[in-house]
Amino acid sequence: MKTKKGFVLRNVCGENIIVAEGKENIDFTKIISMNETAAYLWEQLYGKEFSVDNMADLLTEQYDIDRESALADCHELAKQWKEAGITE
């Protein structure tokens with residue numbers, strides 16, 4: 001999977017949100033907010049091909065979390081990103 005071109009992470013008033021850039025991505029019906037951990041992953045993976053395993057590797061390197069929990073959390077996050085239309 002890969003982050004979709006035209007979506008960038010911005011910090012607005014202390015809130016991490018994904019902002020669509022370019023006419024083809026403008027859709028103001030939904031704002032995609034990310035917690036600190038999801039924002040960290042987005043920054044590390046932006047513009048790169050990645051898998052849930054790659055995501056879990058980043059989590060276990062950065063945070064005190066076991067591999068099994070990291071994989072479960074990353075599966076859920078990857079699903080949410082796909083449903084939001086910000087990955088392909």
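What follows is a chat about the predicted model shown above.

Visitor: What kind of model is this, and what are the ground rules?
Guide: It's a predicted model, where local features need pLDDT of at least 70, side-chain atom pairs count only at pLDDT 80 or more, and totals for chains, interfaces and linings use all residues. Residues are numbered from 1 along each chain as its sequence is written, and side-chain values use heavy atoms, with hydrogens and water left out.

Visitor: OK, how many helices and strands in the chain?
Guide: Three helices and three strands. From the N terminus on, they run β-β-β-α-α-α. Helices (H or I, at least four residues) and strands (E, at least two) are DSSP runs, numbered from the N terminus.

Visitor: And how much of the chain is buried?
Guide: Of its 88 residues, 35% count as buried. Buried means under 20% relative accessible area, exposed means over 50%, and partly exposed is in between, with a 1.4 Å probe and protein chains only.

Visitor: What share of the contacts links residues 24 or more positions apart?
Guide: Such pairs account for 48% of the contacts in the chain with a separation of 6 or more. Contact means heavy atoms within 4.5 Å.

Visitor: Let's talk core. Which residues touch the most other members?
Guide: In the largest nonpolar core, which has 23 residues, those are Ile18, Met34, Leu41, Trp42, Met55, Trp81 and Ile86. A nonpolar core here is a set of buried Ala, Val, Leu, Ile, Met, Phe, Trp, Tyr and Cys residues joined through side-chain atoms within 4.5 Å.

Visitor: Which elements give two or more residues to this core?
Guide: Strand E1 (7–12), strand E3 (32–34), helix H1 (36–45), H2 and H3. H1 gives the most, with six residues. As a general point, nonpolar side chains tend to be buried together in soluble globular proteins.

Visitor: What does Trp42 touch?
Guide: Not counting residues up to four places away in sequence, Trp42 touches Thr3, Phe7, Val8, Leu9, Ile18, Met34, Trp81, Ile86 and Thr87.

Visitor: Switching to helix packing: at what angle do H1 and H3 pack?
Guide: About 70°, with their axes 12 Å apart. Axes are lines fitted to C-alpha atoms, for helices over the stretch in contact, and angles run from 0 to 180 degrees between N-to-C directions. That makes H1 roughly perpendicular to H3. The cut-offs: under 35 degrees counts as roughly parallel, over 145 as roughly antiparallel, 65 to 115 as roughly perpendicular and the rest as oblique.

Visitor: Which residues make the contact?
Guide: Ala38, Leu41, Trp42 and Leu45 of H1, with Cys74, Leu77 and Trp81 of H3. The residues of this H1 and H3 contact divide into seven nonpolar, no polar and no charged. Ala, Val, Leu, Ile, Met, Phe, Trp, Tyr, Cys and Pro count as nonpolar, Asp, Glu, Lys and Arg as charged, and the others, Gly among them, as polar.

Visitor: How do the axes of H2 and H3 cross?
Guide: The axes of H2 (residues 52–62) and H3 (residues 67–84) come within 8 Å and cross at roughly 125°, which makes H2 oblique to H3. Their crossing is right-handed. A crossing is left-handed if the near helix is turned anticlockwise from the far one by less than a right angle, and right-handed if clockwise.

Visitor: Who meets whom there, H2 to H3?
Guide: Val52, Asp53, Met55, Ala56, Asp57, Leu59 and Thr60 in H2 meet Arg67, Ala70, Leu71, Cys74, His75, Leu77, Ala78 and Trp81 in H3. By class, that contact has 10 nonpolar, two polar and three charged residues.

Visitor: And where do H1 and H2 meet?
Guide: Thr37, Tyr40, Leu41, Gln44 and Leu45 in H1 meet Met55, Leu58, Leu59 and Gln62 in H2. That contact divides into six nonpolar, three polar and no charged. The H1 and H2 axes come within 10 Å and cross at roughly 120°.

Visitor: New topic. Is Cys13 buried or exposed?
Guide: Exposed, with a relative accessible area of 83%. Cys13 lies in the loop between E1 and strand E2 (15–20). Its phi is near 55°, a positive value in a residue other than glycine.

Visitor: Where is Gly6 found?
Guide: In the segment before E1. Gly6 is buried, with a relative accessible area of 13%. From C-alpha to C-alpha, Gly6 and Glu21 are 4.9 Å apart in space and 15 residues apart in sequence.

Visitor: Last one: what is Gly85 in contact with?
Guide: Lys4 and Phe7, leaving aside neighbours within four places in sequence. Gly85 is found in the segment after H3.
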